[in-house]
Number of protein chains: 4
Amino acid sequence: MSIFETLESEVRSYSRGWPVVFDRAQGSWLYSEDGKGYLDFFAGAGALNYGHNNPVLKKALIDYISRDGVTHALDMYTVAKRDFLEALSETILKPRSMEYKVIFPGPGGANAVEAALKLARKVTGRESVINFTNAFHGMTLGALSVTGNSMKRGGAGIPLVHATPMPYDRYFDGAYPDFLYFERLLEDSGSGLNEPAAVIVETVQGEGGINAARLEWLQGLSELCKRHGILLILDDVQMGCGRTGPFFSFEEAGIEPDMICLSKSISGYGLPMAITLIKPELDVWSPGEHNGTFRGISPAFVTAAEALRTYWSDDALEKSTKAKGERVGSVFKELVETYPSAELVAKGRGLARGLEFTSGEVAGKVCAAAFDRGLLMETSGPDGEVVKLLPSLTTTEAEVDQGLEIISESVKAVLSH
Amino acid sequence: MSIFETLESEVRSYSRGWPVVFDRAQGSWLYSEDGKGYLDFFAGAGALNYGHNNPVLKKALIDYISRDGVTHALDMYTVAKRDFLEALSETILKPRSMEYKVIFPGPGGANAVEAALKLARKVTGRESVINFTNAFHGMTLGALSVTGNSMKRGGAGIPLVHATPMPYDRYFDGAYPDFLYFERLLEDSGSGLNEPAAVIVETVQGEGGINAARLEWLQGLSELCKRHGILLILDDVQMGCGRTGPFFSFEEAGIEPDMICLSKSISGYGLPMAITLIKPELDVWSPGEHNGTFRGISPAFVTAAEALRTYWSDDALEKSTKAKGERVGSVFKELVETYPSAELVAKGRGLARGLEFTSGEVAGKVCAAAFDRGLLMETSGPDGEVVKLLPSLTTTEAEVDQGLEIISESVKAVLSH
Amino acid sequence: MSIFETLESEVRSYSRGWPVVFDRAQGSWLYSEDGKGYLDFFAGAGALNYGHNNPVLKKALIDYISRDGVTHALDMYTVAKRDFLEALSETILKPRSMEYKVIFPGPGGANAVEAALKLARKVTGRESVINFTNAFHGMTLGALSVTGNSMKRGGAGIPLVHATPMPYDRYFDGAYPDFLYFERLLEDSGSGLNEPAAVIVETVQGEGGINAARLEWLQGLSELCKRHGILLILDDVQMGCGRTGPFFSFEEAGIEPDMICLSKSISGYGLPMAITLIKPELDVWSPGEHNGTFRGISPAFVTAAEALRTYWSDDALEKSTKAKGERVGSVFKELVETYPSAELVAKGRGLARGLEFTSGEVAGKVCAAAFDRGLLMETSGPDGEVVKLLPSLTTTEAEVDQGLEIISESVKAVLSH
Amino acid sequence: MSIFETLESEVRSYSRGWPVVFDRAQGSWLYSEDGKGYLDFFAGAGALNYGHNNPVLKKALIDYISRDGVTHALDMYTVAKRDFLEALSETILKPRSMEYKVIFPGPGGANAVEAALKLARKVTGRESVINFTNAFHGMTLGALSVTGNSMKRGGAGIPLVHATPMPYDRYFDGAYPDFLYFERLLEDSGSGLNEPAAVIVETVQGEGGINAARLEWLQGLSELCKRHGILLILDDVQMGCGRTGPFFSFEEAGIEPDMICLSKSISGYGLPMAITLIKPELDVWSPGEHNGTFRGISPAFVTAAEALRTYWSDDALEKSTKAKGERVGSVFKELVETYPSAELVAKGRGLARGLEFTSGEVAGKVCAAAFDRGLLMETSGPDGEVVKLLPSLTTTEAEVDQGLEIISESVKAVLSH
């Protein structure tokens, strides 16, 4: 491993918890170069909802590359892009009666967020944005300014301004009315709050500790935004593409965000791709006012279109995700009850699940114990105190059980010390 | 084309000048879905230095995908990443005696720039950055703040601060000593210039109008930075990977930037990838202080390693690039002389070449005339007044001549009107 | 009055409610040029705690001017400044065992606030400041950024950053624990709140609507600041110099702010003067790092020293202020009870008193009715809904009663319409 | 002096060079408490153009105070303010055919500057301001952001943004065309310069080292601003009220600034007062959108009106100022010639004069030598390398000669060491 240590910056992190060199991958499994298999309950931080190297998508990808389909196309018109747009329209937007236009903002989730923030400010003529406690939206300067984590914010080296944090759902354990403080500040012309251009929100905070907002909280937020003429940006980068069950994580809340950010699993195959969906009336940028080199990555369009048609033409995946999610949830509930003195908390929705420990130290030990037993999981939350599960949605029930067994053993091993 | 117009945001731009739907590509050629071939002298805005779907890289890519090599790997250790690091070390860094550490900052050039800016501010404890007139560094908030174009800046919707523009090389046509104003401001404790953390510079400004800085200017800038303890960030996103001849565009100047940003052609195949090279002593971030989903795109590592070994183990590509560049330059010189009243200016270095017209309108007409004749070229410069050539470095001499012929005809057609 | 309308900017405001030309003043009375007397319950917005042209101070002032005492002295040593410092030390600081150093920050309250903010940021190396809903700290850019009123903020023309508003005492009518949100944001490393350099607070928000914080809230705030290493800046510009009874408005809370801003009544005679008191360990500025033309206004030092010795060598003024304040409070309470359907609220402490109406329109009518009856009062609060009383502390009991009688009549006249 | 050292912040500065305690003052003389007289060639940093305790103004002031004229009046209509406005209109504005409205922005020069910057941003909807190298405009956050001195800027504790410095007149000793860089940046849409709301400029930079702009430079700047729709703010705080000869320092240039800031000598007696003059079409603030406690300091209005009528009803003062200025200039020229190896430079216009030495150390020694001989002078410039003369305009010719004699002796004493 010496070349990694010699040549790669110390900023690398995942490799520290999983000190092996991975080579191949298939479905829910990653294999190190010595052939050992690891059950992957992290799935590229949510970028691999359809599993590693999904064979349906792989076939489409190899076919496309083999026939010399355009690979790199900026924002030119291509057959691959047209096919993706058609698939998006037919399988996702039309069935849900959603009217949105598509921005290709650049290759990653942070690009989707930066585009949304820029456009919201341009449309409203205001600068300020409301974010939420423990939000995570990315590492570029605009996205970082609406991110909560103080260590990551400290990396910026300049004061991050133009964003004001509000309490996320149940930040005070439900003891206080939702949005009380937020709405009071908006209504009080003497509050000192700069009038916001937009609110940016995740339905389940993945990096923030698998905090799942209640549907009524999301509905309340949406209504508040409408009442006050504030744009609602829904960052569905990690929770979209079926992670919580439905394609969009906010569907069950019945809300209509003004902008929606998608990335991670949108390409289906783990290739970089992002889109920002915007209400048609917000489409005010001039040609080229936002651009970038990697906005027309055709191989990603190909696997994205294939994934949409394969998995979103019916509700089979949604149902199975919910079922598997409930299976995880019930095992986590058992763990909570088995170790009352450990004060565990089971969190999450769909296949975004978390098990909160009393400290990052304990949660880290559980992940390390699981790694020793061949399972990949990560921690999240402000102090890394939550063990986070984001298995591929295509993980089989047997694999889910296998992983949960390892988790139970690992928790036992750590807590009985 | 209706779905593009219905569903895609009006911000799309290249598709407006080239209103056809592209399907396949090979080498220097793009093919529309009706089978018509277009000679591509734009090459993904510099992302396709080795041509579309380069067969050597294509083979490595399909092999890797076929054998289920890991596709998405965050910043885990992988065989693919190790191979890329080894190729980078062996073909590029060691032969040049360059000591740098590698940050994988995210999938695009803007990520490489954002990482460099963040780290420079963190290291120095200062906020201000010096950029240059007509610079282009990206569209995320940090990168945009050091970009010159006012239309693109206006897209941000907030005042872009912490950057001060200085005149790029020959901004005043050589009438004034280089860095006179810059250095005076630095030395005068009453100048009002915030002490800069870093200078960010391109050796040839691609988007800015193919402005090629003289080597002595780059040397002067490097010395100025050293004298004043300012970090020098070299944005080689567009001009690196051999665009001007040598692998790094600054090699002939003999300077040693503190940070180097690479993207576009680093993967070789047009797949999103970026790296930020930093001097070892700047490696101060804690693990995870900068992160992101798309930092370990193994297929890109595979084609990147293959490209480095194929094209940079000897100096053949460098020599051929220079030769073809001189060929373009001599034809441009002829055009300048043929149309004295048109006040054309030939610009550029290596295979980054520009032909400046008196207005963006004329330059746009030339590109349109070329498109009608089957050649793809774009304009650049503050008013789009420069016809910009960035052909693949692997374009054959015959193709170069074919393209130059079309350009000559197009210029004639437009100017004789 | 035509020259005012022709030559003075439309930004003038008090003159609109009191459209007469004032000429002379004495004690609690202002006289228009036609000789009509107005009982002044506004007292220069708190700048005239000892009444207009207080005869004791007037004598000292005329003596000083007559003997050609230095008038303007920058920050030179002068006999007048020495005398002020001695009076401050003997009558105020020593009796209260307060150890502070004195900055002369410029002539007005905003200068005192700007100096405190600048120094707090310099000392801590942090940029962010916590202010409170409905705070008012001044109109220069630094002071304005921590001020709540949206109309005044809008005057800046740039986004005001680096400040985050927190709820002032009883912002939610006591239904929620104090500092719950504030402290949670501080303790949660993922909250997204920039670590604050300082908290700036008024004990009674004058401009904000005569909101008087409870002593236990101030104590809680002070303890919170200590726990988190945040500097506490007490803006006593309007409420200091005895307005609420004791010399400093925070004395009864028993807290020790890190910085204290005084202005308005510190000179005693209505002459511009301000000081910022800082804990000795915060005295880190180099000579001249903060300066200004009007920091040594000797006539103001002369009246300031005289005022301190005359009014603060014993507790007579403090007692009489409290007694008069209670008299005002009991009459306000009667008004609240007399008009239950008007939903009046009596507010304030000492001789900073307010009567809140349901709208700014009604409150404005009450002030207008009072003006017609020869009494000067102003409104405050985010919508101007609070009639604000800041009579001179030297107003006689008979004058207090006379004014209260006019107020009762005015309220009756307006509410019975 | 112990109480100063014990109680006053270390930020005090003038007192360090003049370690005596001043008591009385008259005309051009300050007297320490032991009765020693000092000839004052600093005159309150330009706040005492009519001398200390000018007897004409003193009489008016004592009369006003004695008859209980209103002292403190916020922005109410008063007889004193009306009289000042009439005097300003009759003696200054009408004779010069100047149409401006008057803002009373607060008590000091920084308030006048803050008001101008805020209003310029509000009117134009832009945030950026152009300032000049070695500018000084004040110490509040807005004014400080357009000030050059790095030590003073460092006092802010936050990055000062929204201002870009341009070279002041002859910053490069006249070797390059004026405004070349500035105008090129404005015209080039790719320059990266944020479109400016305003330019703020001094005609002679007092704190910056007595740099006197040529009239044609000021004219060029005014025309540039007109061409580009940028507001021109003329900061005449130190150089106005006759310091360079005419009432406004820009009169001889024949330009019409959009806003003019006056303070320091406007009250005539050293009392705090400031005004911002604005073109009528810029009068867009709502009532109260900018306010403050010390905007209606009637004693200052009284002395200001008296000063205008006494000194500006004819051109006697202007002529005498120029004559005395030339006297100073010719002596300085002699010194330059007497000590060729010392590389002295004589600077300035009217009675704003400077003698530049090769270092701040030498200039400081000259001031110290002068102090020992009974003359008060200060240094200015980025490194304190300029001995600065701002004597009262009412200094007699004999006193001018007496002071110049001391200067010559002091220079000799220092240089011959």
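This report walks through some sheets, domains, contacts and salt bridges in the structure above.

## Before we start

Heads up: this is a predicted model, so to speak of a local feature we need pLDDT of at least 70, side-chain atom pairs count only at pLDDT 80 or more, and totals for chains, interfaces and linings use all residues. Residues are numbered from 1 along each chain as its sequence is written, chains are lettered from A and ligands numbered from 1 in the order in which they are written, and side-chain values use heavy atoms, with hydrogens and water left out.

## Sheets in chains B and C

Let's begin with strands. Helices (H or I, at least four residues) and strands (E, at least two) are DSSP runs, numbered from the N terminus. Two strands count as paired if DSSP finds at least two bridges between them.

In chain B, four strands make an open sheet with mixed pairing, in the order β1-β2-β3-β15. Its edge strands are β1 (22-26) and β15 (375-376) of chain B, and each of them pairs on one side only. How do β3 (residues 37-40) of chain B and β15(B) pair? They run in the parallel sense, over two bridges. If you want to find a bridge yourself, look at Leu39(B), whose partner in β15(B) is Leu375(B).

Now hop over to chain C. Here you'll find an open sheet of four strands in the order β1-β2-β3-β15, with mixed pairing. The edges are β1 (22-26) and β15 (375-376) of chain C, each pairing on one side only. Strands β2 (residues 29-32) and β3 (residues 37-40) of chain C pair in the antiparallel sense over three bridges. Leu30(C), for instance, has Tyr38(C) in β3(C) as its bridge partner.

## Two domains in chain A

Chain A splits into domain 1 (3-54 + 315-416) and domain 2 (69-312); the bounds come from an automatic or database domain assignment. The C-alpha centres of these two domains of chain A are 25 Å apart. Where they touch, 31 residues come from domain 1 of chain A and 31 residues from domain 2 of chain A, with contact meaning heavy atoms within 4.5 Å.

How much area do the two domains of chain A bury between them? It's about 2600 Å², with 50% of it on carbon and sulfur atoms. Buried area is the accessible area (1.4 Å probe) that two parts lose on being put together, summed over both. Tyr50(A), Glu318(A) and Arg349(A) supply 28% of what domain 1 of chain A buries against domain 2 of chain A, more than any other three residues.

## What holds the domain contact's details

Between domain 1 and domain 2 of chain A, the count is two salt bridges. A salt bridge here is a side-chain nitrogen of Lys or Arg within 4 Å of a carboxyl oxygen of Asp or Glu. In chain A, Glu207(A) and Lys388(A) meet in a salt bridge through their side chains (2.6 Å, N to O).

On the domain 1 side of this contact in chain A, the elements giving two or more residues are α3 (43-46), α12 (316-338), β13 (345-349), β14 (352-356) and β17 (386-389). The largest share, four residues, comes from α12(A).

## Where chains A and B meet

Next, the contact between chains. Here 105 residues of chain B are in contact with 105 residues of chain A. Together chain B and chain A bury about 9600 Å², 62% of it on carbon and sulfur atoms. Leu7(B), Val11(B) and Tyr77(B) supply 9% of the area that chain B buries against chain A, more than any other three residues.

Chain B and chain A share ten salt bridges. Asp68(A) forms a salt bridge with Lys58(B), with the closest N and O atoms 2.8 Å apart. Which helix gives the most to the side of chain B that touches chain A? That's α5 (residues 79-93) of chain B, with seven residues.

## A salt bridge across chain A

Over all chains, the structure holds 108 salt bridges. Arg126(A) forms a salt bridge with Glu195(A), the closest N and O atoms being 4.0 Å apart. This pair links distant parts of the chain, 69 residues apart: Arg126(A) is in the loop between α6 (109-124) and β5 (128-132) of chain A, and Glu195(A) is in the loop between α9 (180-187) and β7 (196-201) of chain A.
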